[in-house]
Amino acid sequence: KFGGKYTFRAKFSAISQADITRAMNNLTFPNRAESLSVDARQEIDLKVGVAFTRFQTRYFLDKYANLNSNLISYGPCQIPTLGFCVDRHDSIQQFVPKSFWKVVPVVECDGQQLKLSWYKGREFNSSVAQKIQSQMQEEVYGSVISSSEKPAKKQRPVPLNTVELMRVASSKLGVGPKSCMDVAERLYILGFISYPRTESTAYPESFDLRGTVAIQRQSRWSEHVEMLLREGLSKPRKGVDMGDHPPITPVAADDRTLTGLDASLYEYIVQHFLSTVSSNCIYRNIESKFAIGEETFSYKAQRVVDPGYTTIMHWQKPDELGGTTLLSPGLRITVINVLLDRGQTSPPGYLTESDLISMMEKNGIGTDASIATHINNVISRNYCSLGHNRTVVPTKLGIALTHGYHKIDRELVLPKVRGSIESSINLIAKCEKDYRVGVKEALATFSAKFKFFQEQITKMDELFQAAFDTFEEVQINSNVKPLCGKCQRYQKYINIRPPRLYCQTCEETYSLPSFYKKGGKIRQHGGICPLDGFELLMVTTGKGKKSYPLCPYCFNHPTLEGMAEHSGCNECPLTSCANSMANTRVDSCPQCEEGSLCMYGNDLACNSCNQIIYLPQGFKKVERLDQKGPQGDNLLKFSYNASGDQGVPDALKSSAELVGDHYEVVGSYKSHTALSHFIDASSTREGIRERFGRKGKGRGRGRGRGRGRGRGRKNVDPR
C-alpha cells in the first residue's frame, strides 16, 4: 500500500492477448519477501565487488607493462566461474600422457565383416600387446560365445528452461550465452515465445499443450504435428516447478519474418517443445561375445524400433550400426586380420560454455538471469578467451589471479561461500530469515576475508611478477617520446602488445592502436592537441595502408560530444584543430556510406573503412582548399618548383599555372580531367602494386616456383 492506494502485480509469461487478459483478471499483491531477497543479493554483490575490485585495481594499476590494469574486477559469482576454467586448465597442464595398445581382430561372421572390440580394453605394455597380437595371428577361426538383445529407450526431454536453452545454443548453434539471451528476449518481445528467463521444467496443470502444438501446423514439422494431434500427446516428463515462470515454449508460428539467429533459436524452441509431448525413442542393444584363442572380444550394435521424439531432435537419434542380428552360440567365425592399434591417453579438454553453464548451475553460482552475464564478464575482462568449439580458455591474467586467490584464501574462488549466501537469500525469499540478518552475516564474512586479502596481497603479486614484465624489463622505443599534456614531460612508448604510452611523472598509461598486420607503426607527428596539450602521434596501420594522427588522451578519454572512444583525429569534429576531420575532410567515401575521405600527407584515406585514394606523386606540397568542386568535394592544390619537377606526371604539367617561383595545379580529384585520370589508375589494385612495387613470396625472387633466387629483372619502382 502506498499513498493510500494498493499496488498490484500482473503475472504473465507471454506477450499475447490471452496471457495478459488472464493476468489482469488475476492480479496479486507483490511478494515482499522475494523483493527483499533480490535486494539482499544486489547489496551483497555490489559492496563485496566494489571493495575487492577497487583495492586490487589500484594495487596493480600501471605496475606491469604488458598488463592492462585499468580494471581488475572481483565478483562473488564471477571469480568462482573463472575458478572452474582455471581448475580445468591446471588439470590439462598436469596431465602426463601414457601410450597404450589395443588388439583389434577383423573377422567374417555370418556373411558380414566386423571389427571387434577387445574385452580387456587396452594394454599399456607394448611387449605384452605384441605377444597377444602374434598369438591371435596364428588363429584361423574363432567362435561366438553368446549373443543377446536388450530393449532400451532414450527419454524425451523435460520442458525447456533458461539454463538448458543456453547450453544447447552454445553447443549446437555456436551462440554464446549472452547472445542467446539477447535473441530470446527479442523473440519474447516480438510475441513468438514465452518469457525466456525461468528455472522451471514442469508445465502448469492448466497449460494448453494441444493448442500450443496446433500452432505449428504450418511449420516444417507439420507432418509430425498432425500425427501428435491425431494419435494423442504423450504426457510430459515430470520436471520441477520453481514457482517463477512456466518453461519456454513457442506462443506464435513463424510468419517467415524471422531470419538468421532469430530463426535458428526459435526453431530449436519449437523442436524442444514438440519433443516433450512426443513418445520416447525405443531401440534395442545387441551385444555378441567372441572367443579367439584365449582372448575374448565383443561387438555392439543398435537397432531403432521407434524413433519417437528423435524424429524432431534428430541429432539425438542412436546410430544404427551393422551386425544387428542375433548370432547362434558356437557359430564359427573366420579371422581375416589382427591389428594392433596404438593410442595415447589424452587430457580433458577445456571447458566449453555448455560445460561451464552446467557446473555453475550444479554449484549454485548465479541464477538463470545472471549466468550469461558472469560468463560474458570473465571473457570481456580478459580473464578468459573463447577458443575452438566455444571452449573457455583462461588467459595469463585469469590464471595468475585465480592462483593468487588460492594462495591467500581459497574460499574466494571456491563456490562454497557463494553457495551458502544463495541458501541464505533463498531463506529470505521464503520468509524464513530476516533480510537484515542475512545481509549482515554475508558482509561480515567477506569483511574478514577482505582484511586478510589486503594483508596478504603480496602473495598474489609474486605470481604477477612471474607472469608479467615491469616497465624496466620491457623494450622502450626511444625514438617515440611525445610530450604529456599534463606535466609537459616526455612519455615512454611501450612497443609490445598491447602498445601504450607511459608517463613516469604522472604514473599513467594511455593505450594505443594494436596492429595485426606487418608494416604497422607509430611515430611522432609533431602537432599539439588544442584540447588537452598532448603531442600527437602518427599511426600507420600497415604497408600500403592508411595513416592518420591521433591524440593519446582523446583516444582514451574523448571529451567532444559524438566522438567515440579509440577515435583518431580523422574522426574529430573540432574546427580549431588543423588535423581534425573538420579541416582535412575532402569527400564522402565512395566505398562505404558513413565514412569520410580525409587528407593526410599525399593520400586520401577513409576514416571508417580501408579505402585509400592515392594522389599523384612528385609534388612538393598538396593542400586541401575550402572551395568545393562541381561534385561537392573539396578542391586540392598541387605545388612544385620549376627546377624540381622530376616525377611530376607530364599530363599534369600541361595544366599547371606559374605562380611566383613555383607551379600550381588546382582541381577536383573527381572531375579534373588529368587528375581524375591519373587517380583512377592509381586507386586500382594494379595501381597499388605499381606504387609499392612487386615482391615475390617465399625464398625465390625470380621467375618460376623453384627454390633458387631466379635471374629475372630486379624490382624497379615505376616512378
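View 1. The protein chain holds 20 helices and 24 strands. Helices (H or I, at least four residues) and strands (E, at least two) are DSSP runs, numbered from the N terminus. This is a predicted model: local features need pLDDT of at least 70, side-chain atom pairs count only at pLDDT 80 or more, and totals for chains, interfaces and linings use all residues. Residues are numbered from 1 along each chain as its sequence is written, and side-chain values use heavy atoms, with hydrogens and water left out.

**View 2. Cover and contacts in the chain.** Of the 719 residues of the protein chain, 44% count as buried. Buried means under 20% relative accessible area, exposed means over 50%, and partly exposed lies in between (1.4 Å probe, protein chains only). The protein chain exposes about 38700 Å². Carbon and sulfur atoms supply 48% of that area. Accessible areas come from the Shrake-Rupley method with a 1.4 Å probe; for residues, only the protein chains shown count as cover. Now take the contacts with a separation of 6 or more: residues 24 or more positions apart account for 61% of them. A contact means heavy atoms within 4.5 Å.

**View 3. A nonpolar surface patch.** Tyr6, Phe8, Phe12, Ile15, Ile20, Met24, Leu27, Phe29 and Ile189 make a nonpolar surface patch of about 880 Å². Patches are made of residues with over 30% relative accessible area and no salt bridge; like charges are joined within 9 Å, nonpolar side chains (Val, Leu, Ile, Met, Phe, Trp, Tyr) within 5 Å. A salt bridge is a side-chain nitrogen of Lys or Arg within 4 Å of a carboxyl oxygen of Asp or Glu. Find Phe8 in the segment before helix 1 (17–25). Phe8 counts as partly exposed because its relative accessibility is 44%.

View 4. Two strands pair if DSSP finds at least two bridges between them. Three bridges join strand 19 (residues 603–606) to strand 20. Asp603 stands opposite Tyr614 in strand 20.

**View 5. Two loop residues with positive phi.** Arg390 is not a glycine, yet its phi is positive, about 60°. Arg390 lies in the loop between strand 8 (384–386) and strand 9 (392–394). Cys431 is not a glycine either, and has a positive phi of about 65°. Look for Cys431 in the loop between helix 13 (415–429) and helix 14 (435–455). Cys431 counts as exposed because its relative accessibility is 64%.
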